[in-house]
Amino acid sequence: MTNDDRLFLVTGATGKTGSSTIHLLLQRGHRVRAMVHREDERSRSLAEAGAEVVVSDFHDLDGVTAALQGVAGAYLCYPISPGLIEATTYFAQAATEAGVRSVVNMSQISARREAGSNAARQHWLCERLLDRTDMLTTHLRPTFFAEWLKLWWELRDGAGYLRLPFGEGRHAPIASVDQAHVIAAVLIDPESHDRAVYTLHGPVELNHHDIARAMSGTLGIPVHYEPISVEEFASAMAERGMPAHRIQHLSNVAVDYQNGVFAGTNDNIEKIGHRTPLSVEQFVNENKPDFDTSGPYFVPAP
Ligand SMILES: NC(=O)c1ccc[n+]([C@@H]2O[C@H](COP(=O)([O-])OP(=O)(O)OC[C@H]3O[C@@H](n4cnc5c(N)ncnc54)[C@H](OP(=O)(O)O)[C@@H]3O)[C@@H](O)[C@H]2O)c1
């Protein structure tokens, strides 16, 4: 428990990093306001855990302004959807008016001026926009989340398949719960992280053949990685009804991935979040039931 009575706002509160961050802050005795997109089972469970729940769309300036009243520090987490620049602009203005002292901004490892992905370039622009405010700003640039393994997972005839356009590229999958430890730590103690840009990685850099092997060892079934072209991936995503903005993003980050943009590992989770990040084996083991069926986006074999 803590005597600290500062209020923290977590946006994207029902999402992967947001919900884990809220639970951590509450466990440590902090006051948390959760900005949710809609009321549902997920928002009710945040309220039951002790968060103050407010409903607002990122694109509702008055709603975001109300959500930021009395807030000391905020986690800004916008999904891969159109509108990131408008949402960040509204957030920056409303947070400045409300006197919010610090913001932890979810960005991504591929964020850069010359990014081919619209979302990645917009993340880079939004980092720069937030750096122009008076707030203490910290930008998080994770590599691909471990959670994504669930989305592309296919279970067929007792074997698992990952059919993805990642070639022989490598990354160290990072679980959202591990990122939450960094987000919470920076919210609680933002001064030393001002204007920092942190890449976040899991503990072990792997290619997708290695990932398939790690999953196979944990699940006890054969798991195969089948590299596919970006074109096959994009058309399969379109057939599954994925929005065009996300397909544009994923197609371009697939090329980035093959070129090493998502590679690397570091000790930011330990150093900042004081947490040992989950390996692929540990993540899969903790989420076993999710691999009992195929994920929503797997690319079927031709
Ligand atoms: N996944 C990866 O591998 C990866 C890697 C690096 C960086 N990132 C970054 O991570 C971020 C996503 O984080 P996440 O995975 O923790 O989030 P997430 O699970 O995708 O959740 C997004 C949250 O935002 C809410 N939301 C969506 N549209 C909204 C709107 N218009 N107004 C208010 N709330 C809205 C959603 O609520 P509803 O569900 O109710 O709509 C949900 O709670 C993105 O910025 C992405 O670039 C992801």
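Which residue in β3 is the bridge partner of alanine 34? It is valine 53, and that pair is a handy way into the fold. Please keep in mind that this is a predicted model, where local features need pLDDT of at least 70, side-chain atom pairs count only at pLDDT 80 or more, and totals for chains, interfaces and linings use all residues. Residues are numbered from 1 along each chain as its sequence is written. Helices (H or I, at least four residues) and strands (E, at least two) are DSSP runs, numbered from the N terminus.

**The seven-stranded sheet**

- Seven strands build an open sheet with parallel pairing, in the order β3-β2-β1-β4-β5-β6-β10; two strands pair if DSSP finds at least two bridges between them.
- At the edges are β3 (52–55) and β10 (196–200), each of which pairs on one side only.
- From one strand to the next, the twist averages 20 degrees.
- Strand β2 (residues 31–36) pairs with β3 over four bridges in the parallel sense.
- Helix α7 (residues 176–188) lies across β1 (7–10), β4 (73–76), β5 (102–106), β6 (136–142) and β10, and runs at about 175 degrees to β6. Here, axes are lines fitted to C-alpha atoms, for helices over the stretch in contact, and angles run from 0 to 180 degrees between N-to-C directions.

**The three-stranded sheet**

- A mixed open sheet is formed by three strands in the order β7-β8-β12.
- β7 (153–156) and β12 (223–227) are its edge strands with a single partner strand each, so one side of each is left without a neighbour in the sheet.
- The twist in this sheet averages 30 degrees from one strand to the next.
- β7 and strand β8 (residues 159–164) run antiparallel and are joined by four bridges.
- Tryptophan 153 has leucine 162 as its bridge partner in β8.
- Helix α8 (residues 208–219) lies across β8 and β12, at about 160 degrees to β12.

**Helix packing**

Two packed helices are described by the angle between their axes and the distance between the axes. For the angles, under 35 degrees counts as roughly parallel, over 145 as roughly antiparallel, 65 to 115 as roughly perpendicular and the rest as oblique.

- *α4 with α5:* helix α4 (residues 84–98) and helix α5 (residues 118–131) have axes that come within 9 Å and cross at roughly 15 degrees. The two helices are therefore roughly parallel to each other.
- The contact is made by Leu84, Ile85, Thr88, Thr89 and Ala92 of α4 with Ala119, Gln122, His123, Leu125, Cys126, Leu129 and Leu130 of α5; residues are in contact if their C-beta atoms, placed from the backbone, lie within 7 Å.
- By class, this α4 and α5 contact has eight nonpolar, four polar and no charged residues. Ala, Val, Leu, Ile, Met, Phe, Trp, Tyr, Cys and Pro count as nonpolar, Asp, Glu, Lys and Arg as charged, and the others, Gly among them, as polar.
- *α5 with α10:* α5 packs against helix α10 (residues 244–258) at an angle of about 90 degrees, with the axes 7 Å apart. That makes α5 roughly perpendicular to α10.
- Asn118, Ala119 and Ala120 in α5 meet His245, Gln248, His249 and Val253 in α10, a contact with three nonpolar, four polar and no charged residues.
- *α1 with α7:* the axes of these helices come within 8 Å and cross at roughly 55 degrees, and the pair is therefore oblique.
- Lys16, Thr17, Ser20, Thr21, Leu24 and Leu25 of α1 make the contact with Ser176, Val177, Gln179, Ala180, His181, Ile183 and Ala184 of α7. Its make-up by class is six nonpolar, six polar and one charged.

**Around the ligand**

- The ligand is surrounded by 24 residues, and the closest are Gly12, Gly15, Thr17, His37 and Gln108; a residue is near a molecule if its C-beta atom, placed from the backbone, lies within 6 Å of it.
- Helix α1 (residues 16–27) supplies the largest share of this shell, three residues.
- By class, the shell has eleven nonpolar, ten polar and three charged residues.

Definitions and conventions
Two residues are in contact if their C-beta atoms, placed from the backbone, lie within 7 Å.
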